[in-house]
Amino acid sequence: MDPQSDVRDAAMNQTDVQCLFSHKCSIENHAFGFHLQSALEGTGIHLLIDPFHLEDDMEAQIDRYVFDAIILLWSPEVKMSQIVERECLAARRLGLPFFVAVSFGIPPPDFKKEYVWLAPPVESPHFFGAAVNLGRTIHASVGLQRTMRMLSAGSTPDESRAAAERLALDFDRSLLVESLPLLAEQYLQINDPVTRYWIAIALGAAGTAVAADLLAKLPKEDHPLVLEGIRQAREIIKCGT
């Protein structure tokens, strides 16, 4: 099966993602970015390379620009760029999925390994496949964040219920683990028992000691559906499934 065709077919069922490529300007880094942009295009990810106008206020542009995730191309001199620093600060302030691409050298020590992409050389036959896998991870992270937003105020009960069910059933536990405190916080702010049921199941699906602790700290419930959700979540954690 042609992996490129397979990825493009899957991408047709996903909402496009705007991903900022943050980098220190150089011929080599731009070449890397354009190869990555081409590989990610088929996954429904638009890699934004130098989208800002140099003649305008850069800080204001970065602050108001809309993007869903960021890829920082790591290099020893990247810390010297004020623009890169501003882009990264904006992404962190918005809580966006943050990935680091390392094309050579040692990865930065202050990033979790699951968000560091050790990129093959662009001329390698493995580059495309590795970039596609990165694209899938980015899509999953952005999808989780968008789904979490549907639990916020402003969503209809049906939207909140559907979002909570997706969180419980559709996302990898490694992604849920990162969102456990926010999930528990959303549980406290929602009154709908169906949504609370699915949030409890999502906590259980994470399967960690932290999730078990958060379940234990949830306020006393009297709605039978929510009680059943908490019971099932504890069983999920206990069974390790």
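**Exercise 1. The whole protein**

Task: State what the accessible surface of the protein comes to, and which share of that surface belongs to carbon and sulfur atoms.

Solution. The accessible surface of the protein comes to about 13,200 Å². Carbon and sulfur atoms hold 56% of that surface. Keep in mind that this is a predicted model. Next, look inside. Of the 241 residues in the protein, 46% are buried. Then list the elements: the protein has 11 helices and 5 strands. Finally, check the contacts between residues at least 6 apart in sequence. Of these, 70% join residues at least 24 apart.

**Exercise 2. The nonpolar cores**

Task: Find which residues touch the most other members of the largest nonpolar core, then list the contacts of W117.

Solution. Start with the core. The largest nonpolar core has 55 residues. Within that core, L36, I71, W117 and I138 touch the most other members. Now take W117. Leave aside its neighbours within four places in sequence. W117 is then in contact with F32, L36, V100, A101, V102, F127, A130, A131 and L134. There is also a second, separate core of 18 residues, which includes L20, F67, I70 and A91.

**Exercise 3. Helices α10 and α11**

Task: Decide how the axes of α10 and α11 are oriented to each other.

Solution. Two packed helices are described by the angle between their axes and the distance between the axes. Helix α10 covers residues 209-217, and helix α11 covers residues 224-239. Their axes come within 10 Å and cross at roughly 155°. Angles over 145 degrees count as roughly antiparallel. Therefore α10 and α11 are roughly antiparallel to each other. The crossing of α10 past α11 is left-handed. Now find the residues that meet. From α10 come A211, A212, L215 and A216. From α11 come A233, R234 and I237.

**Exercise 4. Helices α8 and α10**

Solution. α8 passes α10 in a right-handed crossing. L180, P181 and A184 in α8 meet V210, A211 and L214 in α10.

Now turn to L214, which sits in helix α10. Leaving aside neighbours within four places in sequence, L214 is in contact with L180, P181, A184 and L203. Last, compare sequence with space for L214 and A184. They are 30 residues apart in sequence. From C-alpha to C-alpha, L214 and A184 are 6.7 Å apart in space.

Terms used:
Residues numbered from 1 in each chain as written. Predicted model: local features only at pLDDT ≥ 70, side-chain atom pairs only at ≥ 80, totals over all residues. Heavy atoms only, no water. Core = buried A, V, L, I, M, F, W, Y, C linked by side-chain atoms within 4.5 Å. Buried < 20%, exposed > 50% of the residue type's maximum accessible area, 1.4 Å probe, protein only. Contact = heavy atoms within 4.5 Å. Helix = DSSP H or I, 4+ residues; strand = E, 2+ residues; numbered from the N terminus. Areas by Shrake-Rupley, 256 points an atom, 1.4 Å probe, with all protein chains shown as cover. Axes fitted to C-alpha atoms, helices over the stretch in contact; angles between N-to-C directions. Parallel < 35°, antiparallel > 145°, perpendicular 65-115°, else oblique. Left-handed = near helix turned anticlockwise from the far one by under 90°.
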